[in-house]
Amino acid sequence: MKLGIIGGGQLGSLLCQAAKKLNIKTIVFCDDIDAPAQNFSDEFIFAKYNDKIKIKEFVSKVDVITFEFENIPYDTLNEMNKSKKVLPKPSVNRLIQHRLAEKDFINKLNIRTTRYVSIEKKSDLETLEDFFPGILKTTTMGYDGKGQYPINKMEDLNLLNIDFSKEYILEKIVKLKKEISVIITRFGNNSYEIYEPIENTHEEQILKYSQIPAQINEKIFNLSKEWATTIAEELKFVGTLCVEFFIDRNDNLYVNEIAPRVHNSGHLTINAYNVSQFENHIRAICSLEKIELKKLSNAKMVNLIGNQILPYRENLSLKQNEFFFDYLKREVKTKRKMGHITTLI
Ligand code: ADP
Ligand code: MG
C-alpha cells in the first residue's frame with residue numbers, strides 16, 4: 001500500500017512516521033523544495049499544486065491520497081480523485097477552506113459559532129459597529145492568525161493597510177475563558193474513535209500549549225464531543241478531523257473552526273494514547289482495523305516556536321516522561337512552529 005500526502009509540513013512528517021509504523025509507504029507532494037516531510041517520507045515530489053504532469057506522476061504512484069492542510073486548489077483534489085481516492089473527499093475541503101461557507105454550514109446544524117458577517121468592501125464595515133470589537137479575517141488561506149486584523153472601532157481601519165481586493169469575514173470577538181479542541185476519527189457511518197477534549201492556549205494567535213485533561217465542566221465536555229461527532233457525520237468525513245472551540249466567560253460553547261485533517265493540538269495523542277490521531281487517520285483512509293482508543297496518560301504539549309528550538313537541539317537532556325520532536329525545518333523563522341515537546345503528567 002502506498003499513501004500520497006499533499007503538503008510537506010510537520011503534519012505531513014508525523015503522518016509519514018505513523019504510516020511507517022503500519023508498513024505503508026508514503027509519497028509527499030509539496031510546492032516547497034525544503035518541505036521537512038521529505039526527511040520522513042519514502043519519496044518526495046516537488047511541484048506546484050497545479051502542475052498537471054507532476055500531479056499525474058503522483059497519482060500513478062499511490063493507492064490513496066490525503067492532505068495535511070486545507071488550502072489546496074479544489075480542482076487539483078478533484079482531478080486526483082478521478083483516478084485515486086482522495087480522503088477526506090475534496091468537497092469537504094472546498095467547504096471548509098472558505099470561512100463563510102464553513103460557518104454557514106455549522107450554523108445550519110444548529111451549532112453555535114461566533115457572530116459573523118461577510119465583508120466585500122471597506123464601506124460594508126461602516127454600519128457594523130455592533131460587531132466591534134471584532135476580528136476581520138480573510139475568507140480563505142489563513143492559518144496561525146495570518147490574514148487577521150483585530151478592529152475595535154472604525155478608526156482602526158485607517159491605520160491598517162488592508163487589501164480589500166480580497167474577501168473577508170468580520171467576527172465579533174468572544175470574551176474567551178478558554179479554548180478547547182476535539183479530535184475525532186471517522187471510519188464510516190456511525191463508526192468513530194474520539195479523543196477527549198484538549199485545552200489549548202494561544203500566544204499571538206499561534207497555538208502554544210495543549211493539555212489533557214481540559215479544565216472544563218461535564219456539560220462542555222459532552223457537548224463539544226457531541227458537536228464534533230455531528231459535524232463529522234454530516235460531512236460524511238473519512239479520516240481524522242479537529243473541531244476548535246471557544247468557551248466564553250459565561251460557559252457558552254462556540255465552534256471556532258473545523259480543520260479537516262490532523263491538528264497541532266493533537267500532537268500529544270502520539271504519547272498519551274494507544275493510537276495517535278495520525279495513525280487513526282491512516283487506519284481510516286486505508287480501511288485498516290479500527291482499534292478502541294485508550295488513554296495511557298494525561299499530557300501537556302508545548303510548541304517550540306522560532307528559536308525556542310535551539311537549546312533543545314543542542315542539549316538534549318530529557319526526562320523519562322518527556323518527548324521531543326524536531327520537524328527538521330531547514331530555516332528557523334520567528335512565528336514558525338519548529339518542534340514540540342510532550343510531557344506525560
Ligand atoms: P487560524 O485559521 O489562523 O487558526 P482562528 O480563527 O482559529 O484562525 O484564529 C486563531 C486564534 O485567534 C483563535 O484560536 C483565538 O485564540 C483567536 N481568535 C480568533 N477569532 C476570535 C474571536 N472571534 N474571538 C476571540 N478570539 C478569537
Ligand atoms: Mg484556528
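This is a predicted model: local features need pLDDT of at least 70, side-chain atom pairs count only at pLDDT 80 or more; totals for chains, interfaces and linings use all residues.
Reader: Which residues does Ser 41 touch, not counting residues up to four places away in sequence?
Author: Ser 41 is found in the loop between strand E2 (25–30) and strand E3 (43–46). A polar atom of its side chain lies 3.0 Å from the backbone oxygen of Glu 43. Once residues up to four places away in sequence are set aside, Ser 41 touches Cys 16, Thr 26 and Val 28.

Reader: What distance separates the C-alpha atoms of Leu 15 and Val 262?
Author: Leu 15 lies in helix H1 (residues 10–21) and counts as buried because its relative accessibility is 1%. Beyond its sequence neighbours up to four places away, Leu 15 touches Ile 5, Val 262, Phe 278, His 281 and Ile 282. Leu 15 and Val 262 are 247 residues apart along the chain, and their C-alpha atoms are separated by 8.6 Å.

Reader: How many Å separate the centres of domain 1 and domain 2?
Author: The protein chain is divided into domain 1 (2–86), domain 2 (115–172) and domain 3 (176–344). Taken over C-alpha atoms, the centres of domain 1 and domain 2 are separated by 33 Å.

Reader: Which residues coordinate the magnesium ion (ligand 2)?
Author: The coordinating atoms are OE atoms, at 2.0 to 2.3 Å from the magnesium ion. They belong to Glu 244 and Glu 257.

Reader: In which strands are Glu 244 and Glu 257?
Author: The two residues are 13 residues apart, and the pair links distant parts of the chain. Glu 244 is buried, because its relative accessible area is 13%. Glu 244 is in strand E14 (residues 239–248), and Glu 257 is in strand E15 (residues 253–259).

Reader: Which side chain does a polar contact of 2.8 Å join to that of Ser 210?
Author: Ser 210 is placed in strand E13 (residues 206–212) and is buried, because its relative accessible area is 1%. Apart from neighbours within four places in sequence, its contacts include Ile 198, Glu 199, Ser 265 and Leu 268. The polar contact of 2.8 Å joins the side chain of Ser 210 to that of Asn 200.

Reader: What is the relative accessible area of Ile 309?
Author: Ile 309 is placed in the loop between strand E16 (299–305) and helix H10 (310–314). Residues up to four places away in sequence aside, Ile 309 touches Leu 304, Phe 324, Asp 326, Val 332, Met 338 and Gly 339. Ile 309 is buried, and its relative accessible area is 0%.

Reader: Where is the peptide bond to Pro 213 cis, and what is omega near?
Author: Most peptide bonds are trans. Pro 213 is in the loop between E13 and helix H7 (218–234). The bond from Ile 212 to Pro 213 is cis, with omega near 0°.

Reader: Is Asn 190 buried or exposed?
Author: Most residues other than glycine have a negative phi. Asn 190, in the loop between E10 and strand E11 (191–194), has a positive phi near 50°. Its relative accessible area is 61%; exposed means over 50%, so Asn 190 is classed as exposed.

Key:
Residues are numbered from 1 along each chain as its sequence is written. Chains are lettered from A and ligands numbered from 1 in the order in which they are written. Side-chain values use heavy atoms; hydrogens and water are left out. Donors are N, O and S atoms within 2.8 Å of the metal (3.2 Å for Na, K and Ca); water is not among the atoms, so sites may look incomplete. Helices (H or I, at least four residues) and strands (E, at least two) are DSSP runs, numbered from the N terminus. Buried means under 20% relative accessible area, exposed over 50%, partly exposed in between (1.4 Å probe, protein chains only). Domain bounds come from an automatic or database domain assignment. Contact means heavy atoms within 4.5 Å. A polar contact is a pair of N or O atoms within 3.5 Å; within protein, one must be able to donate a hydrogen and the other to accept it, and residues adjacent in sequence count only if both atoms are side-chain atoms.
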